[in-house]
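Subject: Structure handover

Hi,

Here is the structure I promised to pass on. Please open it alongside this email.

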2 protein chains.
Amino acid sequence: MRILITAGGTSEAIDQVRSITNHSSGQLGVALAKAALAQRTTQIDYLIAKGAVMPPQDPRIRLHPIENTAQLGATMAELLDSNTYDAVIHAMAVSDFTPAISSSQENFLAGLNRWLTAHPDTAIDRPAFNDILADIATYTVAETKLSSKTEHLVLVLKQTEKIIGMIKRKQPQTLLIGFKLLVAVSESELLQVAHENLIKNHADYVLANDLTAIAEGRHHGYLIDSTKIVGEADTKADIAQLILDTVAKKVRQA
Amino acid sequence: MRILITAGGTSEAIDQVRSITNHSSGQLGVALAKAALAQRTTQIDYLIAKGAVMPPQDPRIRLHPIENTAQLGATMAELLDSNTYDAVIHAMAVSDFTPAISSSQENFLAGLNRWLTAHPDTAIDRPAFNDILADIATYTVAETKLSSKTEHLVLVLKQTEKIIGMIKRKQPQTLLIGFKLLVAVSESELLQVAHENLIKNHADYVLANDLTAIAEGRHHGYLIDSTKIVGEADTKADIAQLILDTVAKKVRQA
């Protein structure tokens, strides 16, 4: 069995000294790698985000370090183009947004007011806001040194490419296991959102978990497919085992 | 000699799964701790940011872990109120801003347009922007789940308390060593900004460094006081030695 695992959380640079980071220790990825090695996996391509804990050293694990979503996308595309995977287990916490503009309040308001002067009595709609942002962007480069004195810093983030969408496009036959983390929702909402996520991303399984059910030594999750709850687990090791057992069984059937 | 060292970089939470992080490995703090122990330091209170490398285990080092600027401020105040330090070496990369509002583009524009409707033909000035932000804030709590679908996320950050300012206010007699990191500036600009920083924070010394002169195994820095360059160093170990030699000499003179 050859599989691809992603682990840890991406970081999107705001500037050269700061970034926006998605929290993820990478421990679930390590548990997945261990469970995969125990399942007679011949090779694991392991995409690891900066700061994540390392998987065990093993000749069957090949590490691919990445930092941000763009690097994740490039590395993922390269791996999917050159190898065929029985399964892709996408446990990485990937940022939905990346910084587009970082502006002082003064520069941001100047841009807004330039637009308002040119368009009196007009509400700012989506296309207008895009024009305003493009205008502001032309002024932000010069003001990096002023920004620490401004009352507010305005950070505008744009959507990142949805990396998970590429997986089934490039390898329709691979088993795709996605992850959905929500915060403090009901069990029914968690399962519903995870199901929507599975359909949208053409995943075969989604591991649904809630941050409030994750603590030292405890990590509750449901593994769902398109029709039902496949299993439930209470620790990272159990989640990893549940996923790898499910994958191995499916691969043997194929 | 009893000293306080801060090391690593702070993280400001955007929400429960993401934060804005100031990059700093904490390696300079470790070098400072080692140099301090070699200078017959009797105790080090070591304020360490999450993710920073740990200093050597030593009974003379007491660790105080923190994550964000608010925690840094609280811990620093407590330590300065209960102990007297010969020197405070503030090497931590502290965030100047912390998230105030995280809003979808839709919610942000709705807030802007509500204000524009109520104030036709008026430019948005600083007080107006504060009113708009307060209005938007009342709508942001409800929309946490929608935000991943918006085209842009607008993050408004407010200034954090300047923690370094508290040090000489609470302990005027302590030696304060600040750090100023700039990116790709001339030597004269670096020294000038570091000098302004020293005056503003009532620091006795500032270590001025430029990110472009920091790489694996290399870290160039100038140590300045209010009138001159005290010394120059090319590695983290040399910077730490320069600072601790300077501190120890000054403490002996006192």
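Below is what turned up, starting with the annotation and ending with the helix packing.

Please keep in mind that this is a predicted model.

**Annotation**

The domain label comes from UniProt. An unreviewed entry there puts "domain: DNA/pantothenate metabolism flavoprotein C-terminal" on chain A, at residues 2-104 and 133-249.

**How the two chains relate**

Chain A superposes on chain B with an RMSD of 0.1 Å.

**Helix 1 and helix 7, chain A**

Helix 1 of chain A covers residues 27-38, and helix 7 of chain A covers residues 236-253. Their axes lie 8 Å apart, at an angle of about 45°. That angle makes the two helices of chain A oblique to each other. The crossing is right-handed. Helix 1 of chain A contributes A:Q27, A:L28, A:A31, A:L32, A:A35 and A:A36 to the contact. From helix 7 of chain A come A:K236, A:A237, A:I239, A:A240, A:Q241, A:I243 and A:L244. By class, this contact has ten nonpolar residues, two polar and one charged.

**Helix 1 and helix 7, chain B**

In chain B, the axes of helix 1 (residues 27-38) and helix 7 (residues 236-253) come within 8 Å and cross at roughly 45°. Helix 1 of chain B is thus oblique to helix 7 of chain B. This crossing is right-handed. On the helix 1 side, the contact residues include B:L28, B:A31 and B:L32. On the helix 7 side, they include B:A240, B:I243 and B:L244. The contact divides into ten nonpolar, two polar and one charged residues.

**Helix 3 and helix 4, chain B**

Which way does this pair cross, left-handed or right-handed? Helix 3 of chain B and helix 4 of chain B make a right-handed crossing. Helix 3 of chain B runs over residues 105-118, and helix 4 of chain B over residues 126-140. They pack at about 135°, with axes 9 Å apart. The two are therefore oblique to each other.

Helix 3 of chain B brings B:N107, B:F108, B:G111, B:L112, B:R114 and B:W115. Among their partners in helix 4 of chain B are B:F129, B:I132, B:L133, B:I136 and B:Y139. Charged B:D131 and B:D135 of helix 4 also belong to this contact. In all, the contact has nine nonpolar, three polar and three charged residues.

Best wishes

Conventions: Residues are numbered from 1 along each chain as its sequence is written. Chains are lettered from A and ligands numbered from 1 in the order in which they are written. This is a predicted model: local features need pLDDT of at least 70, side-chain atom pairs count only at pLDDT 80 or more; totals for chains, interfaces and linings use all residues. Side-chain values use heavy atoms; hydrogens and water are left out. UniProt positions are given in the numbering used here, feature names are shortened, and annotations may be inferred rather than shown by experiment. Copies are superposed by least squares on the C-alpha atoms of residues with pLDDT of at least 70 in both. Axes are lines fitted to C-alpha atoms, for helices over the stretch in contact, and angles run from 0 to 180 degrees between N-to-C directions. Helices (H or I, at least four residues) and strands (E, at least two) are DSSP runs, numbered from the N terminus. Angles under 35 degrees count as roughly parallel, over 145 as roughly antiparallel, 65 to 115 as roughly perpendicular and the rest as oblique. A crossing is left-handed if the near helix is turned anticlockwise from the far one by less than a right angle, and right-handed if clockwise. Contact means heavy atoms within 4.5 Å.
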